[in-house]
Amino acid sequence: MTISRLNFAHLPTPIETLPRLSDALGGPRLLIKRDDLTGLAFGGNKTRKLEFLVAEARDHGAKTLISGGALQSNHCRQTAAAAARFGLRCILVLTGEKPPKPSANLLLDELFGAEIVYVAERKDRDRILQETFDRAAKEGKEPYLVPYGGSSPTGALGYAFAVKELVEQNVQADWIVFATSSAGTHAGLLLGQRVFGYKGKVLGISIDESEEWLKEEVSKLASDTSQKVDERIEFSPGDVLANADYCASGYGIVTERERQAIELFARYEGLLLDPVYTGRSAAGMIDLIRKGFFKKAETVLFLHTGGQLALFAHQYADKFP
């Protein structure tokens, strides 16, 4: 089966050891896969998805990419950059009030030339996103709707093939631990685990969704994505490993747990995490290590999905150090 893909990510991303953090936690051997180094507009996990999504958009003759997210969305920043790179318009529907002065991801959205539509309440975002798409179509802008987080069967292909890349790097890891939210990265990893023979376990730490929702959505999306690779594989909720113990504070709310995780990575390994996704997933991983969830003889690979720019956003900057 032919799969359209544009190769603009910097791949393969490196895998590094985290010896000082491993020693400090007294837990398993820790590795990190640096998907914050995928290259597009400071990198991040969405770049892998956009290789397939932008290819599909061009196949459909699209002239405009439309997507949505939070005000400091990493996905939207990378979508805007991809649009600029391939000569497409970009319209972003972002939840939040327009700030007096843009910072971090939002600043880059504007620099890449994206048109920003601000939505005061998250509950209205889906409706306004659809209205924005319909208006662009009526105006002849030939839009392509990039789903939230790039989480569609097309976008999830990015992380199915990331597992192939990981297997080819010949790094033995008993676990992959990562941030999960809109299901695309998680579904791709689950599919890639099955198709490319990764023998370890894939554990998503929820950023904002319940374990039940993740199990249902990830299994469905992985099943749908499998048809793009070969024959359909039916995944069940029981195939999905997800932990929602660390997201009670809500999306984008930095607690002491996230702050400490970010400081540990910075001070022991010289690595920066972001306050929303990798900060929360690392906090969950660290807590699980301290509780003895992972065996000391095991190797845990933490997937760094990027997003460090949010450390410089106005709403987060006063949280650190």
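This is a predicted model: local features need pLDDT of at least 70, side-chain atom pairs count only at pLDDT 80 or more; totals for chains, interfaces and linings use all residues.
Ala, Val, Leu, Ile, Met, Phe, Trp, Tyr, Cys and Pro count as nonpolar, Asp, Glu, Lys and Arg as charged, and the others, Gly among them, as polar. The largest pocket holds about 780 Å³, and the second largest pocket has a volume of about 180 Å³.

**Largest cavity**

- The count of cavities of 30 Å³ or more comes to 1.
- The space in the largest cavity is about 60 Å³.
- Its lining consists of Lys-33, Asp-35, Tyr-159, Ala-162, Val-163, Leu-166, Ile-176, Leu-189, Leu-301 and Leu-303.
- Two elements give two or more residues to this lining: helix H6 (153-168) and strand E10 (299-304).
- H6 supplies the largest share, 4 residues.

**Largest pocket**

- The lining of the largest pocket counts 39 residues.
- Ala-70, Arg-122, Ser-181, Tyr-251 and Tyr-277 lie nearest the centre of this pocket.
- Helices that give two or more residues to the lining are H2 (46-59), H3 (74-85), H5 (125-138), H7 (184-196) and H11 (314-317).
- Strands E3 (64-70) and E7 (175-180) also give two or more residues each.
- The largest share comes from E3, with 3 residues.
- By class, the lining has 18 polar, 13 nonpolar and 8 charged residues.

**Second largest pocket**

- This pocket is lined by Ile-262, Glu-263, Ala-266, Arg-267, Leu-272, Leu-311, Phe-312, Ala-317, Phe-320 and Pro-321.
- Helix H9 (residues 256-269) gives the most to the lining, with 4 residues.
- By class, 8 lining residues are nonpolar, 2 are charged and none is polar.

**Packing of H9 against H10**

- H9 packs with helix H10 (residues 278-290) at an angle of about 85°. Their axes lie 8 Å apart.
- The two helices are therefore roughly perpendicular, because angles of 65 to 115 degrees count as such.
- From H9, the contact involves Arg-257, Glu-258, Ala-261, Ile-262, Leu-264 and Phe-265.
- From H10, the partners are Gly-279, Arg-280, Ala-282, Ala-283, Met-285, Ile-286, Asp-287 and Arg-290.
- By class, this contact has 8 nonpolar, 5 charged and 1 polar residues.
- Ile-262 takes part in the contact with H10, and Ile-262 also lines the second largest pocket.

**Asn-243**

- Asn-243 sits in strand E9 (residues 241-243).
- The relative accessible area of Asn-243 is 12%, so Asn-243 counts as buried, the cut-off being under 20%.
- Leaving aside residues up to four places away in sequence, Asn-243 touches Leu-203, Gly-204, Ile-205, Ser-206 and Leu-288.

**Helix H4**

- Buried residues in helix H4 (residues 104-111) are Ala-104, Asn-105, Leu-106, Leu-108 and Asp-109.
- The cover over these buried residues includes H3, strand E4 (89-95) and strand E5 (115-119).
- H3 also gives two or more residues to the lining of the largest pocket.

Terms used:
Residues are numbered from 1 along each chain as its sequence is written. Side-chain values use heavy atoms; hydrogens and water are left out. On a 1 Å grid over the protein atoms alone, a cavity is a set of points where a 1.4 Å probe fits but cannot get out, and a pocket is an open set with protein on both sides within 12 Å along at least five of seven lines; lining residues have an atom within 4 Å of a point. Grid points are joined across faces, edges and corners, and a volume is the space filled by probe spheres set on the points. Axes are lines fitted to C-alpha atoms, for helices over the stretch in contact, and angles run from 0 to 180 degrees between N-to-C directions. Angles under 35 degrees count as roughly parallel, over 145 as roughly antiparallel, 65 to 115 as roughly perpendicular and the rest as oblique. Contact means heavy atoms within 4.5 Å. Buried means under 20% relative accessible area, exposed over 50%, partly exposed in between (1.4 Å probe, protein chains only).
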